[in-house]
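Subject: Structure handover

Hello,

Please find the structure below, followed by notes on what was found in it.

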Amino acid sequence: MARALELARQGLYSTHPNPRVGCVIVAAGRIVGEGWHVRAGEPHAEVHALRQAGETARGATAYVTLEPCSHHGRTPPCAEALVAAGVGRVVAAMQDPNPQVSGRGLARLRQAGIEVEVGVLEAEARALNAGFVKRMEHGLPLVRVKLAMSLDGRTAMASGESQWITGAPARAAVQRLRARSSVVLTGADTVLVDHARLTVRGEELGLAPEQVALALQRPPLRVLVDGRLRVPLDVPFFQAGPALVATVSAEREVDYRAAGHELLAVPGEDGRVDLPALLAELAARGANEVLVEAGPRLAGAFARQGLVDEYRLFVAPKFLGSTARPLLELPLERMAEARELKIRDIRAVGEDWQIVAVPAT
């Protein structure tokens, strides 16, 4: 199963909106077939592994990181393919959270007389597809907020200047975060001040050529939250390709459509974009993971509303001073109001440090 998960990770940048899945087929104590799901609309991991195994799949054990599908989508059901191949046993890391599938694939295998086991390395399998799981179970994508800061917790000088706080290795790590995401979301201030494009740049990914090619074939949807439509259409963000603009009114929809962009009205309180409603809409469009790269105001709004599943903080060994801008716009008055986090990982990235943290509750 560990090998199947390793294979599944090869789809980290390409399977959206599908989950990342790997499969290993073992006969007489040796691997006879391997496969992983590359992209939506193409064969699933089980099919690739069965093709490689051929006749040796009969009576073999298939290890798969997610319950084999049982429904006809853009590809035939994998449960039927395993039955037709005559495998004797199927070990799945986890049950599929998709209501169309959940339990049905496993039931079909058992009905055909195939021995089934579920729950091997389940935590690792769920973590690999945490966004897909959340979308299926709650109708929302996983929200990851990326922040770059100095040791004194500052993100930009008082003037707004912020390039570059961190070094090239940290920026490459951010490129990989973008490439794995379904959506990269930002705010008007970031686009106006930093001239941000929020694109995936292949030359900065630091991946093998085949992984770069996969990542560039499925770029994330770039979303701009701009409640008052302050960002003009001639800025680099809009020149970099089609984007979705979330605002409070669609009165200028024709202008944006003519420029190749989509305007989505998501009105909320006080003339602001309703962020929970926006996330629900993105999930309905198949978004599993949303990467928020925004200034303290928008990032703070996600934090205040309890919408963040994970923080990725890149910390540079420098001070920007007391007049520089804070990490989040999160006004708190008492220690009891402090937002507690659990740190999942800390590691060096070049001269900088990456901290992965999640809300404690």
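The protein exposes about 16,700 Å², of which carbon and sulfur atoms supply 51%; accessible areas come from the Shrake-Rupley method with a 1.4 Å probe, and for residues only the protein chains shown count as cover. This is a predicted model, in which local features need pLDDT of at least 70 and side-chain atom pairs count only at pLDDT 80 or more, while totals for chains, interfaces and linings use all residues. Residues are numbered from 1 along each chain as its sequence is written, and side-chain values use heavy atoms, with hydrogens and water left out.

Overall dimensions

Of the 361 residues in the protein, 51% are buried (under 20% relative accessible area, with exposed being over 50% and partly exposed in between; 1.4 Å probe, protein chains only). The C-alpha trace spans about 70 × 45 × 45 Å along its principal axes. Among contacts (heavy atoms within 4.5 Å) between residues at least 6 apart in sequence, 68% join residues at least 24 apart.

Sheets

The protein has 13 helices and 16 strands (DSSP runs numbered from the N terminus: H or I of at least four residues for helices, E of at least two for strands). Two strands pair if DSSP finds at least two bridges between them.

Five strands make an open sheet of mixed pairing, ordered E2-E1-E3-E4-E5. Strands E2 (30-36) and E5 (115-118) are at its edges with a single partner strand each, so one side of each has no neighbour in the sheet. The twist from one strand to the next averages 15° (axes are lines fitted to C-alpha atoms, for helices over the stretch in contact; angles run from 0 to 180 degrees between N-to-C directions). E4 (residues 89-92) pairs with E5 in the parallel sense over four bridges, and Arg89 has Glu115 in E5 as its bridge partner. Helix H2 (residues 45-53) lies across E1, E2 and E3, at about 140° to E2.

Nine strands form another open, mixed sheet, in the order E11-E10-E9-E8-E12-E6-E13-E16-E15. Its edges are E11 (262-265) and E15 (341-349). Neighbouring strands here are turned by 25° against each other on average, direction ignored. E8 (residues 183-187) and E12 (residues 289-292) pair in the parallel sense over three bridges, with Val184 opposite Leu291 in E12. Helix H7 (residues 168-180) lies across several strands, including E6, E8 and E13, and runs at about 160° to E13.

Regards
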